[in-house]
Structure formats: C-alpha cells, structure tokens
Amino acid sequence: MDYVLDKSWSEKLSNRFQQDYKRKLFTWLENEYASKVVFPPKQQVFSALNLVPIANVKVVIIGQDPYHTKGQADGLAFSCHNGTPQPSLKNIFKEINDDLHIETTGNTDLTAWAKQGVLLLNTSLTVIEHQPASHANELWHTFTTEVVKILNELNQPIVFMLWGNHAKSFLPLLNNANHLILQAAHPSPFSAYNGFFGCKHFSKANAFLTEHNLTPINWQI
C-alpha cells in the first residue's frame with residue numbers, strides 16, 4: 001500500500017469520516033500523483049502521523065503545506081530531507097539556540113523530534129511541484145481538522161505551538177484545559193521578528209512536560 005497510516009490514527013480517523021469522503025480523498029490523490037509531480041513521495045504522505053502514534057503525542061507544531069521543490073519534503077512540517085535548511089527552519093533553529101542555549105548541528109531532518117513525540121503536522125499533506133498551496137483544499141483541511149479535534153479530546157497533556165495566523169486558525173478547536181497552547185508569529189523571515197524570536201516556546205514546552213512527569217524533548221538536532 002502506498003498510503004500507510006498508523007493503526008492508532010487509522011482507528012480513530014475511520015470513525016470520523018464517511019466512506020464517500022475517504023473515496024474522494026484517495027481518488028483525488030491518485031489522480032494528482034498520476035498526472036503531476038507531487039511531493040512528498042506517496043509513502044511519506046502520512047509520515048507525521050506514522051512516526052507519532054496517538055498515545056505518544058507530546059507536542060504539536062502545525063505548518064501549512066510541504067516544500068514544493070524536489071528532494072525537500074519528507075512528510076513532516078518544516079523538516080527538510082536534503083539537508084538544506086529553508087528560511088523558516090533556520091529561524092526555528094535560531095530560536096532554539098537562543099532559548100535553550102544549545103547549538104543545532106545543521107541537520108534539517110526533524111525525524112528525531114517526531115520520534116520523541118513531536119507531531120509535525122502540515123494542514124495540507126501534499127503539494128504540486130513549484131506550486132505552493134496548490135493542494136490547500138477542503139479535502140486536506142477536513143482531514144487535518146479531525147486530527148486536531150482528536151488531539152484536543154485527549155486527556156494526556158499536549159503542547160500546541162501555533163505559529164502564524166494559519167496555525168492560529170485552529171485555536172477555536174482547542175478548549176481542553178489539560179493542554180498548553182502557545183502562540184507566536186510565524187518563523188518566516190517576513191514575520192519572525194514580530195514575535196517568533198524570543199517566544200521561548202521550546203523551554204516553555206519542556207517545562208510543561210516536566211511539570212506533568214513527562215520526558216522533555218531534546219530539541220538539539
């Protein structure tokens with residue numbers, strides 16, 4: 001199967017969607033991959049969920065859509081497969097360095113975060129080559145919305161990092177007092193100096209996890 005989904009997510013999500021929606025989503029995906037250059041590769045479309053089963057989620061970072069240049073998108077928001085950090089990721093690393101006084105190594109593959117429970121969730125899980133937001137449609141938004149609703153309903157403590165207006169649009173879905181909601185500007189060079197730099201989300205997240213007897217995230221890549 002090209003589209004493999006972790007069992008814990010599959011079981012939860014299968015109860016949320018009618019068969020008609022699932023048919024439309026996968027038929028559309030098949031047509032897009034067959035007729036266009038689409039990223040990430042099929043087997044990585046659900047990587048964010050596959051690397052972080054529901055019970056393991058500690059932190060959620062919401063992006064918009066995958067990188068649209070060949071060799072970059074790997075299914076994780078902000079993560080970059082080919083080792084060339086994009087501007088937003090550079091700024092994320094800068095904030096980590098300033099916040100936690102650690103130096104990142106320059107590795108742009110964020111799988112190590114995911115394996116610790118950081119769900120790097122794009123709102124649209126696919127994109128057409130060189131066409132940003134080309135798959136920012138209702139099919140993917142419906143899917144992502146249900147993922148966020150599921151997370152909100154969990155009693156396990158979770159940190160949500162909402163960077164920029166797009167991520168903050170999910171705020172109305174988050175009303176569970178067990179969770180920590182952190183908001184800041186987007187790490188893009190166009191907005192990072194308007195409140196992303198200095199937000200200290202990474203130390204705040206770890207303090208929250210420690211307070212709830214959970215292992216903090218090692219943010220050093």
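F78 sits in the loop between β2 and α4, and in this predicted model its phi is near 75 degrees, a positive value in a residue other than glycine. Its relative accessibility is 10%, so F78 counts as buried, the cut-off being under 20%. As background, most residues other than glycine have a negative phi, and most peptide bonds are trans. With that in mind, let me set a few other backbone places beside it. H130, in the loop between β4 (127–128) and α6, also has a positive phi, of about 65 degrees, although it is not a glycine; H130, however, counts as exposed, at 51% relative accessibility. The peptide bond from F39 to P40 is cis, with omega near -5 degrees, and P40 belongs to the loop between β1 (38–39) and α3 (47–51).

Let me move on to helix α4, residues 87–100. This helix has 14 residues and covers 20 Å between its first and last C-alpha, close to the 20 Å expected at 1.5 Å a residue. Its buried residues are S88, L89, N91, I92, F93, E95, I96, N97 and D99, and what covers them includes α5 (111–114), β5 and α8. The helix is followed by H101, whose phi is positive, near 60 degrees.

Within α4 I would like to stay for a moment on N97, which counts as buried at 16% relative accessibility. What does the side chain of N97 reach? It is the backbone nitrogen of T104, at 3.2 Å. Leaving aside residues up to four places away in sequence, N97 touches I102, E103 and T104.

Turning to α8, residues 201–211, we find H201, F202, A205, N206, F208 and L209 buried. Viewed down the axis of α8, these buried residues fall within an arc of 160 degrees, so they line one face of the helix. As for what they pack against, the partners are β2 (59–63), α4 (87–100), β5 (159–163) and β6 (180–184), and just after α8 comes N213, with a positive phi of about 60 degrees.

Now to the nonpolar interior. In soluble globular proteins, nonpolar side chains tend to be buried together. Here the largest nonpolar core has 72 residues, and those with the most contacts inside it are W9, W113, L119, F143, L151 and M161. Helix α6 (residues 138–153) gives the most to this core, with 7 residues. Which residues does W9 touch, if we do not count those up to four places away in sequence? They are L49, V52, P53, I54, V57, L119, V147, I150 and L151.

On the cysteines, I will be brief: the structure holds 0 disulfides. C80 counts as buried, at 0% relative accessibility, and C199 is buried as well, with a relative accessible area of 8%.

I will finish with L171, in the loop between α7 (164–168) and β6, which is partly exposed, with a relative accessible area of 30%. Apart from residues up to four places away in sequence, L171 touches L162, I181 and Q183. L171 and A133, by contrast, are 38 residues apart in sequence and 21 Å apart in space, taken from C-alpha to C-alpha.

Conventions:
Residues are numbered from 1 along each chain as its sequence is written. This is a predicted model: local features need pLDDT of at least 70, side-chain atom pairs count only at pLDDT 80 or more; totals for chains, interfaces and linings use all residues. Side-chain values use heavy atoms; hydrogens and water are left out. A nonpolar core is a set of buried Ala, Val, Leu, Ile, Met, Phe, Trp, Tyr and Cys residues joined through side-chain atoms within 4.5 Å. Buried means under 20% relative accessible area, exposed over 50%, partly exposed in between (1.4 Å probe, protein chains only). Helices (H or I, at least four residues) and strands (E, at least two) are DSSP runs, numbered from the N terminus. Contact means heavy atoms within 4.5 Å. The arc is that of the directions from the helix axis to the C-beta atoms. A polar contact is a pair of N or O atoms within 3.5 Å; within protein, one must be able to donate a hydrogen and the other to accept it, and residues adjacent in sequence count only if both atoms are side-chain atoms. A disulfide is a pair of cysteine sulfur atoms within 2.5 Å. The expected span of a helix is 1.5 Å times one less than its number of residues.
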